[in-house]
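Me: I would like to go through the labels given to this structure and ask what stands behind each one. Please set the value against the cut-off each time.

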Amino acid sequence: MLSSSLVLIRVLFLFLCVSFLLVQGRLHSTYTELNHLHAISRISLPPSPAPEAVSPSYNTDSLSKVTVLNVRSFGAVGDGVSDETQAFKMAWDTACQVEEQAIILVPRSYSFMVQSTIFTGPCKPSDLTFQPFLSGVWFDRNEKIDGTLMPPDGPDSWPRNSSRRQWLVFYRINGMALLGSGLIDGRGEKWWDLPCKPHKGINGTTAPGPCDSPVAIRFFMSSNLTVKGLRVKNSPQFHFRFDGCQNVHIESLWIKSPAQSPNTDGIHIENTNNVGIYNSLISNGDDCVSIGAGCYNVDIKNVSCGPSHGISIGSLGMHNSRACVSNIRVSDSIIKNSDNGVRIKTWQGGSGAVSRVTFQNIHMDSVRNPIIVDQYYCSTKSCPNQTSAVYVSDILYSDIKGTYDTRSPAMHFACSDSIPCTNLTLSEVELLPAKGEYMSNPICWNAYGTMQTLTIPLAFCLLDGIPQMVQESDVGQC
């Protein structure tokens with residue numbers, strides 16, 4: 001009896017084990033199927049590429065309300081020879097009429113030749129981005145350049161009815177971004193070699209005659225602008241120019257032209273306020289950054305500059321004009337193998353003021369004039385002496401260190417005979433000769449200021465206090 005019961009118990013146990021394994025296998029199969037279904041339904045998988053449009057058209061992302069406009073859909077060929085101007089204009093005009101955000105795309109692996117053009121606003125969308133990348137361009141309150149963008153090749157190829165002072169102009173735009181990793185090639189070599197350019201004439205002289213050369217990219221009377229990530233080289237004149245703009249953010253630019261290329265400022269701003277210039281590399285034949293009249297609230301940080309003419313405020317006061325510049329800060333930057341470091345330059349006869357300027361934590365590497373204020377600036381050999389001047393005051397030089405070319409003194413303060421510089425402050429300034437042991441003394445003329453710490457070289461030439469004529473006058477009112 002006991003033996004029969006044991007047999008029955010074993011049979012029941014085997015039946016239960018088989019049943020459990022069958023159920024477990026079915027569950028595992030079901031789980032595998034569900035997991036597979038989940039994997040193939042994930043929205044993070046890349047979509048299949050959209051076909052290239054044959055006629056002018058656009059794609060709309062229904063989720064983000066972004067219209068993408070490919071310049072090739074508007075007739076651009078991208079062979080680097082064909083005139084693509086009309087295709088770009090059509091893409092821009094279409095983008096300006098889009099109610100939501102629009103992107104003008106210049107696709108990769110293409111080169112686009114565009115003549116002197118003005119892209120005008122305002123546009124319907126509240127913001128617009130022009131995005132250049134290594135092989136294309138986006139226009140939008142997002143415009144993207146992924147390819148190469150370039151002008152006609154030199155003065156002889158420039159259309160007679162086109163302006164020779166500018167190439168690509170963005171006018172009356174609010175909320176535009178010019179973004180990307182693409183290349184904008186200004187093709188400036190033939191412009192630099194004009195006989196009218198410095199030292200290009202017979203026997204190294206400058207020949208008379210028309211000498212206009214185009215600025216590569218100009219923003220005029222625009223606001224809320226972003227320029228980021230572009231590579232720009234060999235502009236005929238300034239690489240970027242901002243006139244009458246406000247709220248400008250510039251970041252991660254690569255700007256390059258030969259050290260001897262004339263007037264090829266990297267970034268020039270005029271009558272422009274609330275500007276940030278960050279994390280960029282600039283090497284060119286003039287100022288890396290130049291700040292003109294009417295600018296205030298400018299922050300420049302983490303810029304590698306040189307070879308170049310340095311970072312400059314000015315020139316100001318030309319032709320007896322009035323110039324006001326204030327609240328400028330340059331910090332955490334490197335200036336190397338350059339004619340100047342941080343410079344303020346004004347013409348005799350001007351009026352107005354430069355005030356509340358800070359140069360902080362800047363490393364100089366073989367710079368000819370690391371610190372310079374020049375109120376006798378003159379670009380010709382004959383400038384008349386004049387009594388009025390742009391008033392320079394409240395300038396702080398802090399943590400300026402490195403080496404200088406001994407052909408010029410490490411510090412040079414040449415201030416107006418009639419309107420001295422005041423409140424110049426030096427702190428933690430250490431500048432040593434790049435070669436040899438000779439150390440030149442600073443030069444001061446009518447310059448008032450203090451050393452908060454002992455400087456190298458010592459700047460005992462600064463005068464104490466504030467002169468009475470400044471205290472009693474309204475000089476420098478802006």
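Reply: Rings of Phe, Tyr and Trp, the last by its six-membered ring, pair if their centres lie within 6.5 Å. This is a predicted model, and a search of the whole structure finds 12 aromatic pairs.

Me: Why is the pair of Trp-347 and Tyr-377 called edge-to-face?

Reply: The ring centres of Trp-347 and Tyr-377 are 5.4 Å apart and the planes stand at 90°. A pair needs centres within 6.5 Å, and planes over 60 degrees apart count as edge-to-face. The pair is therefore edge-to-face. Trp-347 sits in the loop between strand 26 and strand 27, and Tyr-377 in the loop between strand 28 and strand 29, 30 residues apart.

Me: What makes Trp-347 buried or exposed?

Reply: Its relative accessible area is 11%, and buried means under 20%. Trp-347 is therefore buried.

Me: What kind of aromatic pair do Phe-359 and Tyr-397 form?

Reply: A stacked one, with 5.4 Å centre to centre and 20° between the planes; the limit for stacking is under 30 degrees. Phe-359 belongs to strand 27 and Tyr-397 to strand 29, 38 residues apart. Both Phe-359 and Tyr-397 are buried.

Me: Which residues do ring pairs link into a cluster?

Reply: Trp-92, Phe-119, Phe-170, Phe-219 and Phe-242. Phe-242 also touches Phe-219, as well as residues including Leu-225, Val-248 and Ile-267. In the largest nonpolar core, which has 96 residues, Phe-242 is among those that touch the most other members, together with Phe-240, Tyr-397 and Phe-413. Domain 1 and domain 2 each contribute at least three residues to this core.

Me: How do you know that Arg-218 lies over the face of Phe-220?

Reply: Arg-218 is 4.6 Å from the ring centre of Phe-220 and lies over its face; the distance limit is within 6 Å. Arg-231 likewise lies over the face of Trp-254, at 5.9 Å from the ring centre.

Me: How do you know that Cys-288 and Cys-305 form a disulfide, and why is it called right-handed?

Reply: Their sulfur atoms are 2.1 Å apart, and the cut-off is within 2.5 Å. The torsion about the S-S bond is about 95°, so the disulfide is right-handed. Both Cys-288 and Cys-305 are buried. By the same rule the count comes to 7 disulfides.

Me: What is the handedness of the link of Cys-324 and Cys-478, and how exposed is Cys-324?

Reply: The sulfur atoms of Cys-324 and Cys-478 are 2.0 Å apart, and with -90° about the S-S bond the link is left-handed. Cys-324 lies in strand 25 and Cys-478 in the segment after helix 4, so the pair ties together parts that are 154 residues apart in sequence. At 25%, Cys-324 counts as partly exposed, whereas Cys-478 is exposed at 60%, since exposed means over 50%.

Me: What about Cys-245: how far away is the nearest cysteine sulfur?

Reply: The nearest cysteine sulfur, that of Cys-295, is 9.9 Å away. A disulfide needs sulfur atoms within 2.5 Å, and Cys-245 is in no disulfide. Cys-295 is in no disulfide either. At 2% relative accessibility Cys-245 counts as buried, and Cys-295 is buried at 1%.

How values were computed. Residues are numbered from 1 along each chain as its sequence is written. This is a predicted model: local features need pLDDT of at least 70, side-chain atom pairs count only at pLDDT 80 or more; totals for chains, interfaces and linings use all residues. Side-chain values use heavy atoms; hydrogens and water are left out. A nonpolar core is a set of buried Ala, Val, Leu, Ile, Met, Phe, Trp, Tyr and Cys residues joined through side-chain atoms within 4.5 Å. Buried means under 20% relative accessible area, exposed over 50%, partly exposed in between (1.4 Å probe, protein chains only). Domain bounds come from an automatic or database domain assignment. Contact means heavy atoms within 4.5 Å. Helices (H or I, at least four residues) and strands (E, at least two) are DSSP runs, numbered from the N terminus. A charge sits over a ring if NZ of Lys or CZ of Arg is within 6 Å of the ring centre and within 35 degrees of the ring normal. Lists of a residue's contacts leave out its neighbours within four places in sequence.
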